[in-house]
Amino acid sequence: MIFLLIASLFAAAPEQLITAGRTALQQGDPDKAVEVFEQLVKMTPNSSEAHMLLGRAYGRQAQQASMFRAPGLASKTRTEFETAVKLDPNNIRARSALVDYYVMAPGFMGGSYEKALEQALEIKKRDVLTGYFEYAHIYNAQKKPDQARSEMIAAVREQPNSAKAHFLYGLAMIIQKNYQDAEPELENALKLDPEYKEAYFRIGQLSVWLSRKYERGEEALKKYLAYTPKEDEPPLYRAHYWLGQIYEKQGRKAEAKQSYTTSLKINPSQKDVTEALKRVS
């Protein structure tokens, strides 16, 4: 079976490899995603997208790895993101991935707020709204919530009719756990664009964190579950988990159990879902 899988990957076109790797990430299988995207990089070594996807897969592996393997995988993650940016300086998603890495990694593993700010500046030259968000993200990581908020207020003032501006404002508030202020921004995003799918996922989360509007949260998560997320959007197994949380808070244990079970079928390595399932079983 393993030989047949490897043989099929060698025969696959780049588009098929991208689809297979993204599916593996959405299903919580970074090992398979790494195998697929390494083959993609071998096939298309000058593709910025291929290196970015491989970096994401290494990053997911690092999150699940032992303390002995994690540093090496983190280094591979950074290298792939940096390569992606060198190959295509306009790859905003690769630059955003680098911001995440520089913000989260300790200094001895290449983490650096200075480097993160350099990437945010380059992003803002190419995508103003994402640039504002990345600055806010960095300020949140530096425990500067007022500066983070100022960035997003400026973004909304600059583009008041942009669903993306309101969504990113709400997401920045979620990052600093300011759930009260996040909620109206996410709803504003959906008023401007009812198809802004990730906003539905975040509204579902907020209903749990704020312990209110459970019907709205349930409706929002069900809409998200009818959608196929992109690789940089929350995976469906997490939507099942948050839906289970809503059911559990309402005392609907049978439905919560079903949601948690479905989540674990897709990705069995979720400790919080395993614990949640024990509570309602």
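Modeller: Before we start, a helix here is a DSSP run of H or I with at least four residues, numbered from the N terminus. Keep in mind, too, that this is a predicted model.

Colleague: Okay. How many cavities of 30 Å³ or more are there?

Modeller: A cavity is a space where a 1.4 Å probe fits but cannot get out. Here the count is one, and the largest cavity holds about 50 Å³ of space.

Colleague: Which helices each supply at least two residues of its lining?

Modeller: Look at helix 11 (179-192), helix 12 (197-209) and helix 13 (214-225). Helix 12 gives the largest share, three residues.

Colleague: And which residues line the largest cavity?

Modeller: Go and find Glu-183, Glu-187, Ile-203, Leu-206, Ser-207, Arg-212, Lys-213, Arg-216 and Gly-217. Sorted by class, that lining has five charged residues, two polar ones and two nonpolar ones.

Colleague: Let's move to Leu-243. Is Leu-243 buried or exposed?

Modeller: The idea is to check relative accessible area: under 20% means buried. Leu-243 counts as buried because its relative accessibility is 5%. You'll find Leu-243 in helix 14, residues 236-249.

Colleague: What is Leu-243 in contact with, leaving aside its neighbours within four places in sequence?

Modeller: Contact means heavy atoms within 4.5 Å. With those neighbours set aside, Leu-243 touches Glu-218, Leu-221, Lys-222, Leu-225 and Ser-259.

Colleague: How many residues apart in sequence are Leu-243 and Ser-259?

Modeller: They're 16 residues apart in sequence, and in space their C-alpha atoms sit 6.6 Å from each other.

Note on methods:
Residues numbered from 1 in each chain as written. Predicted model: local features only at pLDDT ≥ 70, side-chain atom pairs only at ≥ 80, totals over all residues. Heavy atoms only, no water. 1 Å grid on protein atoms, 1.4 Å probe; cavity = no way out; pocket = protein on both sides within 12 Å on 5 of 7 lines; lining within 4 Å. Points joined across faces, edges and corners; volume = space filled by probe spheres on them. Nonpolar A, V, L, I, M, F, W, Y, C, P; charged D, E, K, R; others polar. Buried < 20%, exposed > 50% of the residue type's maximum accessible area, 1.4 Å probe, protein only.
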